[in-house]
Amino acid sequence: MYVNQTSDGLARERAPHLYRWGSKKGRDDRLSLNEFTLICRALFRNDKGHIYVVPSDRLEQMFAVFDKNEDGYIDREEFQFCWNQWIKTIVRPISAFLIVDVQNDFISGSLNISNCSAQQNGLEVIEPINKLLDTVDFDAVFYSLDWHPSDHVSFIDNIKQRPIHPTSPLNADNAQVYDTVIFAGPPPMKQRLWPRHCVQDSWGSELHKDLKVVEHGVKVYKGTNPEVDSYSVFWDNKKLSDTTLCAQLRLKGSTDIYVCGLAYDVCVVRRISFELYAFHLSAAQVQRPSMRCRPATVQY
């Protein structure tokens, strides 16, 4: 039988013939396209049990992905790959909840996002986040934190610590907060200038006191390199180095990531190649126009 005996009841319930199939005497241990189609019809249904209709040409394309030796059948080894890399991740998804930068400085401190052009109140994301934590049994919960050293390149009051490139539209004397300059590097690097914020071990860098921090939650720190900004919780803006988050997600086998926090247009939608869902009601942003959240797979 192709299906791993440790598989949970969901796969057994949704595809009982898949379990019976392998026990029949005289089987040649291969799946034809028709048999593969039956498996897809059994496994992939909506919450009301209705079968998702997959066009025949798409089924053929899917079948071809797993028929690696192109003999017109999926053999035992090929099905093991199909099960582990595709079917199992759909019938047994592993969820991770990523809460981005719900820190004091972004809510009522030096980089209070209500003072930015979108004029959204960061405090309003806390209640829906807490409700999700109370009502949804996520397999893993992560909290990201901006965690800058005091000499960080993004702070406007540090602008004279680094040479400005000749092509920069502004220099150290006329640049203002939220402007973009080009530092000399090497290599030359565009940098938006922010107020000093989320300095390591400061009050402004702490998670807001009203945000629920679950016992098994994991904190992930970003922006720790003084020379490179880091909006994403996975890597810095130049992708010179990454955080531990991606490795931790893969270690846990996470298939779906639910993301929310501050600020939606700067730090929330900067993600990776997992299935991603951004909670619109719990993600405030910095700039206009308003951005809408939607499920998406974001690649490296």
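Biologist: In this predicted model, how many residues does the largest nonpolar core have?

Modeller: Start with the residues that have the most contacts inside that core: Phe97, Ile99, Val102, Ile129, Leu133, Val141 and Tyr143. Strands E3 (95-100), E4 (140-146) and E8 (256-262), along with helices H6 (104-107) and H7 (126-135), each supply at least two of the core's residues.

Biologist: Is Gly217 buried or partly exposed?

Modeller: Gly217 sits in the loop between E6 and strand E7 (218-222). Setting aside neighbours within four places in sequence, Gly217 touches Val141 and Tyr143. Buried would need under 20% relative accessible area. Gly217 has 26%, so call it partly exposed.

Biologist: And how far is Gly217 from Leu98 in space?

Modeller: Along the sequence, Gly217 and Leu98 are 119 residues apart. Going C-alpha to C-alpha, the separation in space is 9.7 Å.

Biologist: Helices H3 and H4 pack together, but at what angle, and is that roughly parallel or roughly perpendicular?

Modeller: H3 covers residues 33-43 and H4 covers 56-66, with their axes 10 Å apart and an angle of about 105°. The band from 65 to 115 degrees counts as roughly perpendicular. That's why H3 against H4 is roughly perpendicular.

Biologist: How many residues of that contact are nonpolar?

Modeller: H3 brings Leu33, Phe36, Thr37 and Cys40, while H4 brings Leu59, Glu60, Met62, Phe63 and Phe66. Of the residues in this contact, 1 is polar and 1 is charged, and the nonpolar ones number 7.

Biologist: Over at the E5 and E6 hairpin, which residue in the turn has a positive phi?

Modeller: E5 (residues 180-183) runs antiparallel to E6, and 4 bridges join the two. Ile182 stands opposite Lys190 in E6. There are 5 residues between the strands, and the one in the turn with a phi of about 80° is Gly185.

Biologist: Which residues make up the covered face of E6?

Modeller: E6 spans residues 189-192. Lys190 and Arg192 are on the uncovered face. The covered face belongs to Met189 and Gln191.

Key: Residues numbered from 1 in each chain as written. Predicted model: local features only at pLDDT ≥ 70, side-chain atom pairs only at ≥ 80, totals over all residues. Heavy atoms only, no water. Buried < 20%, exposed > 50% of the residue type's maximum accessible area, 1.4 Å probe, protein only. Pairing = 2+ DSSP bridges. Axes fitted to C-alpha atoms, helices over the stretch in contact; angles between N-to-C directions. Parallel < 35°, antiparallel > 145°, perpendicular 65-115°, else oblique. Contact = heavy atoms within 4.5 Å. Nonpolar A, V, L, I, M, F, W, Y, C, P; charged D, E, K, R; others polar. Core = buried A, V, L, I, M, F, W, Y, C linked by side-chain atoms within 4.5 Å.
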